[in-house]
Amino acid sequence: QAAKEANMPKDNIDRAIKKSQGNNEANFEPVIYEGFGPSGTGIIVEVLTDNKNRSISNVRSIFEKNGYSLGSTGSVSHQFDICGLIRVKKENCEENEIFELSTNNGANDFKVEADFYEIFSNKSDLHSLQIKLEKKYTLSFSGVIYNPKNTIKVDKEGFEKIINFIETLEDDDDVQKVYSNFEVDQKILEELSS
């Protein structure tokens, strides 16, 4: 659902589904890598792999080629909360209505973004909240994420470096998701999208 929303190619979606289902020949396991990226930002890389040595080598190589470094377990993750996130397109609902339904059913934060309402919950409350919201709305995304406790503001050059770096990481077949704690000014986003 999230991949389709992000216009990910069908082949990539199918490959990820096959990888997650596994087969008798390979055992895939999730691995988390932590490191430091552009402008001192924290980077968390979620990997699903059947070969940890290959994965760590690939991820380390991407970090090093870009001039950044992998950290040890816990070096970055303490800067993030693991929580549930649900996104609903604004056009699908009224703000007051979805806010009330969400907060009455386990949501602990609610943000209004440009195109979406973002509803945050404890990891343990995500499933029940998702079931309640799905009865009334079409969800664009639902899953467990690493949500930064504090963000690091970056300029235009830093933002471009981070985006390129994250895209390079995401191009690796084993990488499932990449999280970072950067923040960029809305004016820079508007300037780059025009």
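The tour below goes through a sheet, its helices, a hairpin and one glycine.

Before selecting anything, note that this is a predicted model, in which local features need pLDDT of at least 70, side-chain atom pairs count only at pLDDT 80 or more, and totals for chains, interfaces and linings use all residues. Residues are numbered from 1 along each chain as its sequence is written, and side-chain values use heavy atoms, with hydrogens and water left out.

Begin with the open sheet of four strands, whose order is S5-S6-S4-S7 and whose pairing is antiparallel. Strands here are DSSP runs of E with at least two residues, helices are runs of H or I with at least four, and both are numbered from the N terminus; two strands count as paired if DSSP finds at least two bridges between them. Select residues 107-112 for S5 and 139-148 for S7: these strands stand at the edges, and because each has a single partner strand, one side of each is left without a neighbour in the sheet. From one strand to the next, the twist averages 25°, where axes are lines fitted to C-alpha atoms (for helices, over the stretch in contact) and angles run from 0 to 180 degrees between N-to-C directions.

Next, select residues 80-89, which make up strand S4, joined to S7 by nine bridges in an antiparallel run.

Helix H5, residues 126-134, lies across S4, S5, S6 and S7 and runs at about 150° to S7.

Move on to S1 (residues 29-36) and S2 (residues 42-49), which run antiparallel and are joined by eight bridges. They form a hairpin with five residues between them, and in the turn Ser-39 has a positive phi of about 60°. Strand S1 is also joined by two bridges to S3 (residues 69-70), again running antiparallel.

Finally, select Gly-35, which lies in strand S1 and has Leu-70 as its bridge partner in S3. Is Gly-35 buried or exposed? Gly-35 is buried (under 20% relative accessible area, with exposed meaning over 50% and partly exposed in between, using a 1.4 Å probe and protein chains only), because its relative accessible area is 0%. Leaving aside neighbours within four places in sequence, its contacts include Phe-63, Gly-71 and Val-76.

Technical notes: Contact = heavy atoms within 4.5 Å.
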